[in-house]
Amino acid sequence: MKTRITELLDIKYPIFQGGMAWVADGDLAAAVSKAGGLGIIGGGNAPKEVVKANIDKIKAVTDRPFGVNIMLLSPFADDIVDLVIEEGVKVVTTGAGNPGKYMERFHDAGITVIPVVPSVALARRMEKLGADAVIAEGMEAGGHIGKLTTMTLVRQVVDAVNIPVIGAGGVADGRGAAAVFMLGAEAIQVGTRFVVAKESNAHQKFKNKILKAKDIDTVVSASIVGHPVRAIKNKLSSAYANAEKEFLRGEKSQEDIEELGAGALRNAVVDGDVDNGSVMAGQIAGFVTQEETCEDILKDLYYGAAEIIKTEAERWADVEK
Ligand SMILES: Cc1cc2nc3c(=O)[nH]c(=O)nc-3n(C[C@H](O)[C@H](O)[C@H](O)COP(=O)(O)O)c2cc1C
C-alpha cells in the first residue's frame, strides 16, 4: 500500500508517532522508525543538547527516516532549527505557530516540512508557504488542540489543499485508521496509544492513567484563555476550571492561568505526579488498554485497517447506481 507520504518519506507504514513533548524521546522514536513507521522526537521546550542526544540515540539504532517536532513557541526554536539542519534530519513537523520564516532554510537543507494545522485557513496558508504536507489534528487528540473534530477537519482540509494530508486525533486501531484514510488522509498520526508503548519512557503512573481511562475521562482546559489542552481529569484540571471561573469574574489574570500549565507535563511524564501534573491524552484513551511494542502497535494499525477496508469493500462491491 503506497501513498504520496510513504513515497515522499520512504516509510513502510503510513503511520507517524506524534512528536510529543517529554514523551517522544530517542528510544520511542527509534523503535517506531526501526519498525517501519515515522518516529518523531518531541522537541517541546527542550534545549539543543537534549534534542541532539535524542537524535544520536536514533542514529545509533537505525538508518530509517525519523522526524523532529519543533514547538515554535519554544525559547529554543531557533536552536532546534539549526540542529535539525546540522544533523541532516529528513522530516520536521511543527506546532504552535507559523514555520514560514524557516521554510527556505529547511528546503535548502532538503528537509520535508509538515506543519500541524487545526483549520482549513491555516492548511491553505501552509501550502502557500511551501509546506510539503500538513497534519490535520482534530480536537479529540491529546495535548494542545484546536476546535474541530478529526472527522470534520480532515475531510475539509483534504478538499482545500493539494499537498498530502496526515490525519490525527482519536486513532488507536485499524478501524480508526481506516476511517481517517476514508476521509482522504494519506497517513495517520497517533499519539495516545504510543504513550503506553513498551519502549515509551513515560512514568508508569502516567501510562496507568491512560490504560485505566474511560471514554469520558479527558477534559479540555485553558480554552477561555491561553492554549486549550486536552488531558485526563485530575486536581490540575479542577484547578484550571476554578481559575477560569475566577478569570471570568475578574479575579484572576491570563498569566495566572498560564502559570498553572508551566512544567505540568514534565511533572506528570517524568516525575509521575499524575494528580497535579498534566496527563495529556486523547479521548481515545478509553480504548487503549495494553502496553505493547511499537512494532505490534504499527502492525495492528496497518493490518487492522487493511482488513476492515477489504471487508467493507466486499460488502459494497455489488452496489451500483
Ligand atoms: C502527552 C502528549 C504530548 C503531546 N505533545 C505534543 C507536542 O509537543 N507537539 C505536537 O505537535 N503535538 C503534541 N501532541 C499531539 C500528538 O503529537 C498527536 O498529534 C496526538 O496525540 C494525536 O491524537 P491522539 O492522542 O488521539 O492519538 C501531544 C500528545 C500527547 C498525548
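In what follows, Ala, Val, Leu, Ile, Met, Phe, Trp, Tyr, Cys and Pro count as nonpolar, Asp, Glu, Lys and Arg count as charged, and the others, with Gly among them, count as polar. In the predicted model examined here, the shell of residues around the ligand comprises, by these classes, 10 polar, 5 nonpolar and 1 charged residues. Of the 16 residues around the ligand, those that come nearest are Glu137, Gly170, Gln189, Gly191 and Thr192.

An N or O atom in the side chain of Gln189 is found 2.8 Å from an oxygen atom of the ligand, while a backbone N or O atom of Ala21 lies 3.1 Å from an oxygen atom of the ligand, and for a backbone N or O atom of Gly142 the corresponding distance is 3.2 Å. On its own the ligand has 610 Å² of accessible area, of which the protein covers 94%.

Attention was also given to the second largest pocket, whose volume is about 200 Å³. The lining of this pocket is made up of Pro118, Met139, Ile145, Gly146, Lys147, Val220, Ser223, Gly226 and Pro228, and these lining residues divide by class into 5 nonpolar, 3 polar and 1 charged.

Technical notes: Residues are numbered from 1 along each chain as its sequence is written. This is a predicted model: local features need pLDDT of at least 70, side-chain atom pairs count only at pLDDT 80 or more; totals for chains, interfaces and linings use all residues. Side-chain values use heavy atoms; hydrogens and water are left out. On a 1 Å grid over the protein atoms alone, a cavity is a set of points where a 1.4 Å probe fits but cannot get out, and a pocket is an open set with protein on both sides within 12 Å along at least five of seven lines; lining residues have an atom within 4 Å of a point. Grid points are joined across faces, edges and corners, and a volume is the space filled by probe spheres set on the points. A residue is near a molecule or strand if one of its heavy atoms lies within 4 Å of it. A polar contact is a pair of N or O atoms within 3.5 Å; within protein, one must be able to donate a hydrogen and the other to accept it, and residues adjacent in sequence count only if both atoms are side-chain atoms. Accessible areas come from the Shrake-Rupley method with a 1.4 Å probe; for residues, only the protein chains shown count as cover.
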